[in-house]
Structures are given as structure tokens and as C-alpha cells.
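Please look over the sequence and the model below before reading on.

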Amino acid sequence: MENVIMRNVNSPTVDLNSAQVIQRHINSFLIREFGVFGMAGGSITEQVINYYTNYQIVSDGDSNHFKIKKKTDNAPVSPLDGLGDETGTPYEAFNNKCSEALSDDLRRKIRILLDGTIFSSRPPQYVIEQARKMNENCYAELELRIQDYAEPYRKAKSSKQQAFFEMKFIEPLASRLLSYWATHRFTPNANMPVNVIEFDINSSSRDTYTLVTTSNPSYPLRTALSQYAPGNPIARDGMVRIVRGIRYTNFFKPEVTFKKLYFNREQVVIDTKDELDSFEKWKVSASTELDLLQPAEFIPDMNESANRILDKNLYTRVSAQLIGAEEWKQDRIEPHLFDTRSSRESGNGQILYYNEGIGYGYCHCTKCGKTVLENWPAASSSDPDKLPNEMNNISSKDSDKPDYHFSLIKKGHKPNKCLGCSNPDYIKRNVVLGDMIQTDYTEIRIRHFQKNWINNRSEEENLLITLGLLFTRGLSEELNVERTDIDFTITPNSHICIFDANPGGSGYSNQLAAMDLMKSVIERARTILEAAEKSGNKDALIDKFTLHYINHIDIKAAKDWIDEERTARKVLPDTVKEVFGDNVTEASLAKLERCFALSQNEKFIFVDDDYTNWEYEATDSCWKGQFFNYFAPHGQQTTFCVVENTNNIMPTPALSMMRSIKGWTNEVTHIKNPFIDKKLYPLAYIDGRLFFTNNPNHITLNDKWGNGTIYYIRTNNFAIKAKFIKTEVEDTTAKIFKLDGTAPSIIKSSELASLIESRADEIINSFVDFCKTNSNETLKVSYQDEHLKSVLSMVLSLQTIGYFIKKIGLPYSLEFVVEKYYEVNNKQNNIGANQPTSEERDNWLNMMGNELVEDLEHDKNIKGTLIPVVSSPKKALPHWRVLTFEYAGKKLCIYPDGGFMNGWFIYNDPKKSRHIYELSTITYDTEIYLSRNQDIKFDITIEE
């Protein structure tokens, strides 16, 4: 207790390098600036219903019961109506404001707010677009919750059952709007819980919503899995109820399905077992598959009365695991005994929190939700059909009939026997309770000197766990954030995964992927170890969430590894010594940046020629966002040089990036890498010192540049012989233009292609003429877009493609080059929302693409084929979009900056009623009115 009272308390801070934190503050500013909070009522107690819907909560006649009714005609509303028409809601007004052209005053205010933050190099319109997306995500989450009650409400067999679902319908809509925004990652959460799960006490005591209906107790996901574990007593308002079961998203559906977990020595996956070469057995189930139940609510038994007896909670273990991360190449380049990669680099996996009971999960009834602890794995039991005694806890009066349990969710004068009591179709064995959060994380792998990466957890488990505890605490202290904001887990392949406990991420843990910060955290970990060793108390390394690690802490092993890492840093790689001898000094990215800032002479920055991985600007992982503010102030003394390791030809998008760089530097040049045979890669040349690395993963034009081990030595500058890159635009083969203030800002979707053509008619017509004079081949048409996900963007792309195919008028083949993905949240049944999975996106493309092919043949007698759309693996495509028409060795390439849909929004005429585009009626040629509020860039080239 003394330690708790005397401990240092961190001062409140705002992390200006956290994209999530800054964006949420911008969202709050926009809510005020757009006036939408006032539209919703403007009170701090304002309800969710007033922002997202045209409904109201009103009394039902003279009673104190409340119902939801429409504002327009006071007609009653049920779960079948969902959230209704969004026309005229503050939610829609916010989206519309985000789609309008920014006023000069608002643009100025946002630039001031972004100055000095991670978004300082981004245009104001970028954060406006992100605000709209986050606003829509909040709507989607609410909509999904409401939709879950519609079908059981429709099939309810009594008015009492309908009343129950009406109450569940009202609960989220009656909650406070400000709290909903904060807990759903739209506004700053200031340590408010997110991913909240409730213990539903109202369903056991009330049938209707009233003014005195108390809110259900709740916890964020991780705590809820522990505190609301089935069997635990929960005290509220002086009364105690026991958690007896759970509800989940599809609980009320006739066919209940659960996600299945699989793992091997490399990774854990959900449902996609084809990704694994082999399987390990889970200890929980003694099987290669494990069912995951994702709780939406924990529930009591409606047949049990509350009392005042508060027993101790059962101890159950809540674990975390990294899900869906891509495999990590087993290279050993760095001299350091660690390697890191951020969530973006590993495929944006997710963190799974799960409660595995006392080691064997839970037994669960899918008919009523009853859930009890398992004491053994059923699959390896001599009597696999035998259930835990607590499951069927009511003795049968007839000895010939089995015991049973009452249904938790049917309340009445006479308890109802559950239909799922002993039916194996309804009883799930050895399941775990949990859910996934999308968040920021950094994976860390470690090794010993001159050894390979540790990949067998059992051999070094204590070391891994101790380092995980130390790195987590060290990072929180380095960033001056609460320890509870960051957590860690050990993956099956023995990686330490440090992650943000806040769903959606806070931008903390992914910073650990930076070499300099990781080294600082290791040094701080050494200090923590010394203090623990001096006090003789290893308990200082744990808290209530990590108590179960108490027997795995090994202070000596951790100290030895840190000392080993310190020694390894001093050992130069053989290739470095071969080229430069022993006079090389290890530097850091921070030191490189300091030398650059202090220099008064000409300086050189080097990048490699891996053009497909170049990301200069306009993405979350771009070079400009990370380094522009360091280097641009000295740009007129800077030469930006591409050091070529291959014979790759610089493609048009990369050349466009060089034109942008030329705008703030003295020159842009290129030269062959003179050290490529020794696998050394230059990074910078400053005041007679060459900064370089031996790690090819950190020399590309993106945010990973310079993040490996850096060395420097005094030597001559090889780059003075570099050749200039020609950045001039040749009018006969290239055209760069922007749809600016001189171009229409409101168009039909079918008009985009003609608008593009009008700005580059000479180039396009010359290609068309070439095709028609050599008309003896098949025209190859392909559109490459790594982010083609919404039906709206597909419609716009197909209409644009169809326009140019008609213009050329030759037989063709059409191909879409797209990537696999999976979206966690999306706005349902909305033309502008991302499709939930790449598989569903591919189905839309195949369907609408074939419609286009059929219509072109029928209407224009142009024969063509659609190559079946099959998504490429993640990260297989470069970061630019390109529509290519290839014929007889010549290509017409149209590069839309960010894709054809980038910068456009659905336009609704304020003088007319809002047009709703139903997905069920959408075809590729659906005419959609679009508007833009920004300039949109296009590059069009003819390439051989």
C-alpha cells in the first residue's frame, strides 16, 4: 500500500506522434466546428438516438414505460426498423460537411492544429476524410448491434419476448452520446474503457425500459472476461447476482456458428486453417481446433433471485495472443540480438483476449447461454459425453431420464427446462471466451550471440516472459504513459508481442519498432532489473494482470541477455570490416538527423531502387510523413540520390515521386551502388562521413528507411559522379494534370472518363490511332488497385474502363489485379462501404465485370473476356493504382492518384430528397452523382 501511495504519477500528455490520438482530437474539433453536436441537442447528457437516427424515446401512454417512435409522425419503431433513414440526422450532416469544399478559415485552423504532429505533412483534407470514415464506423457498430435483435424479435412467440428485444433495442440508443463516441474510438477516450461488455442485469428484472432503468454494469473486454467469468458473483446496488452464461452476436439465430482457432509452432489463425502446414493440439481441448465464443453480454439466470451474499470470484486465466500476423523471414542481418517489426509490417494482425477457465475452457449451451467451467478436455476423456456436474444441475425425478438445467433466458412462474440440456448438437465442449481487437503492436524476436532466432518457447519461456514484462514497462516509462495502456504476449514461435491495450490502438507500441527507441527500452529494462535485484523482490515486475507470470520471472537470465546484447553491438559484421576495416563507428538515425541539421555543406540522402515498395507521401507509412520535417529545411543544400542495386527501370509513379522531391531539394540523381557486392547500402553523406547499413530492409523510400543498424566512416563521396534524373514531362508521351477549380466539382460517375480524356486528349488519341492502325491483336486491359474495396469504387472504375474500351473498339481481355484483405467493421448494405472481405469484393467484380463484357458485345459488338478475379496475397502489389491498355508492344497507362474513387463522394442535391442506392439494385452502369472538394491528380503516359 505504501508503494501505491508513494509511487510517481505521470503527468498528462498528448502523444503528437500517435495518428489515432491526433485524429480523435481532430474529430472533436470538427464536431464543434460543424455544429452537429448542437443539432443533436447540445447537452452533455445527449443520447445516441439523437445523433444517428430520426427517432425519439417517449413515454408509452400514461405509464412510465418508454418506447422508440419516429419524430415525424410518432409512429412506433421496433428492432425490425433498424436505425431507419439517416436523412437529416446530425450523423448525415457531419458526413456532408466532410464532403464539402473546405473554407479557407477551416483549412487554416486545421493546419494550425496539425502543426508539429504526425500529420504535419498531410493536407487538411486527409484528416477530414479519416473523420468521415470513423464516423461511419461508429454508425456501423451500432447498426450491427441493432440488427442482431431484428430476427428474434420477428420470431418472438409472445409479447413478453418481444418486449425483451424492444428493451435491448432501446438500451444502446438511450446511452450517452459523448460516452459512445469516446468508447468507440471516435473522440479522445481519456482512459475511458473501450470494447465494453455488459453484465445484463435488466433482462432478469425488467420487461420494459423506464426512467428508472439502471444501466448494466460493464467492463472493457479484457477485464470483463476476468470479472464476468461464469460463476462469479457481481454486486450492484447492494444486491448480488451470479454470472451464469453469455450471449454473443449470433446468439438468437437458429444455426449458431463459432470461430475456430488453429495453431502451429509459427502462428495462430482463425478459421483459415489452410494457411498452416501442420497443426498442434490445444491443451484446452486436446484437439487441433478450439471453439471461440465472442461474448456480447454476460447474463445471470432469470430464474435466480438476487441476494446479499458475496462470495469470492473464481480465478480464471485471461490470456492474449497475436492472430493473423504474417510469417517473418528467418534472416539474421543485424548484429543486435533482437529484431522488430510493427503491426503494419506484419500484416496488421489482431490481438485475441481469451478466458480459458482453469485450463480446459468452458461447457456451453447454445440454446440458453448457460456456461460452466470444464475440468478436463472432453476429446481425451474416457467418457467424452459426460458433462460437468454444474451444467445439468437439476436432478430428474425419473431415474430413467437424465438430469437437466433450466433455461437462463426464459422467465416465468414456472422455470422452463432447456431444450439443449443433453443434446450434443446444442452443447459445446471446451470452448474459450474471448474476442479480438485491432490495435497497434510491435513484434520482437530475440536470439543469443551467433545463434539463430529463438523459436521454441519451452526452451526459453522464462527469459521471454521476463523480457516481455521489462520491455512493456520500459516502453511505458520511455513514452510517459500508463503501464495498463500497454500489454504483451508470447507467440507460439517465441516472439514477444508488445501491444496497445486500447482497441484501435493508441500509437504507443508500434513506436517500439524504431531501433533507437528499442535500444533505449533495453537500457531502461537493465535499470529496472538492477532495482529489483537490489530490493530482492521480483514482485516489482508484475501487476494484477500479470500475476500468473510470477513463477516465470528469471532476473538473472534477463540480465545475462541484456549484457550479451550490449557486447554484440560492438562486433562489426564481416562485410563491413572487409570494405572499411575496423575504423567504422556505429551510429543511429537520431545521430544522422542531428548531423544533417548542423551541417552547413552540401548533403546527400540515398534510397534504393526497390520502386514497388516506395511510399513517398499520402499514406500512413510514407517517407515524407516520417522524415520531411528533418530534411526539408535544408533542402537547397541537399541532393537526393537513388542508389541502384538492380537494373530496375524507374516506373512512372516513382518518377512522379522524384518530381515531388525535386521541389524541395537541390538535385535528384541516380548511381549504381559501388558496395552492392558486399551487401552494404548507403543512407547519407554528411560533412565527409558516409552513413550506411548492411540491412536491405531499411534503405527504401518509406517509413522504415534508416531503421536498421547504422554505421559511419570518413571517406570520399562516391555520389559526386551520379547522373541527374530527368524530371521534365515530355508532352508527346506524358501528361500530368489535376482536376482543380477549373474542372467540374459535381459529375455523373459515367462522366469521369470523358473528363480525364479532355485533359489528355492528344496522348489518348495517339494511342487509339496506333491501335486502330495495327488491329490484329487482342487489347490487354488491366486495372491494378490494392485498395479497391467498395461497390461504389468498383462501379466508377468499371464505367471508366468501359468508356475507353468503347473508344478503342477492339477485342480485349480485362483483368483486375487486387489484394486479399479482411475488414473488421464496415457499414452494412452501403454502396460506399468496404466489402467485408476480399472474397466478397472479388464476387462483385466478377459479377459486374461480366455484365460489362456482355453489354459491350451486345451494344457495341466489341468482344471481350473477363479474367476471373482472384485476389493476390497481401503486400503483393505496389502502392500505386494504374489502368493499363496494352497493344502491340505499347501501353497507355492512367495513374489515378489514390484510385479513381479517391477524392469523390456521393452527391445529394440539398434541394431534393436524398437518393438511396440499394445494393440489391446496383449494376456496373448505375449512374451515381459524385462531388469533390479537393484537387485530384492524374498521370497519363504512353510506355513501350
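## A cut-off for burial

A residue is called buried when its relative accessible area is under 20%, and exposed when that value is over 50%. The model discussed here is predicted, and the same terms are applied to it throughout.

## Overall fold

The secondary structure of the protein consists of 21 helices and 39 strands. Its radius of gyration is 31 Å, close to the 30 Å that the globule rule gives for 944 residues, so the protein is as compact as a globular protein of that length. Along the principal axes, the C-alpha atoms fill a box of roughly 95 × 75 × 55 Å.

Of the 944 residues, 53% count as buried, and the accessible surface comes to about 42700 Å², with 47% of it belonging to carbon and sulfur atoms. Among contacts with a separation of 6 or more, 75% are between residues 24 or more positions apart.

## Arg122 in its loop

Arg122 lies in the loop between helix H6 (104–114) and helix H7 (124–154), and because its relative accessibility is 8%, Arg122 counts as buried. Its side chain is joined to that of Tyr126 by a polar contact of 3.3 Å. Leaving aside residues up to four places away in sequence, Arg122 touches Leu114, Ala618, Thr619, Asp620 and Cys622.

## The two sides of helix H15

In helix H15, which spans residues 589–598, the buried residues include Leu589, Leu592, Glu593, Cys595 and Phe596. These five cover an arc of only 160° around the axis, which puts them on the same side of H15. On the other side of H15, Arg594 and Leu598 are exposed.

Methods: Residues numbered from 1 in each chain as written. Predicted model: local features only at pLDDT ≥ 70, side-chain atom pairs only at ≥ 80, totals over all residues. Heavy atoms only, no water. Buried < 20%, exposed > 50% of the residue type's maximum accessible area, 1.4 Å probe, protein only. Helix = DSSP H or I, 4+ residues; strand = E, 2+ residues; numbered from the N terminus. Arc of directions from axis to C-beta. Polar contact = N/O pair within 3.5 Å; in protein donor to acceptor, adjacent residues only side chain to side chain. Contact = heavy atoms within 4.5 Å. Rg over C-alpha atoms; globule rule 2.2 N^0.38 Å. Areas by Shrake-Rupley, 256 points an atom, 1.4 Å probe, with all protein chains shown as cover.
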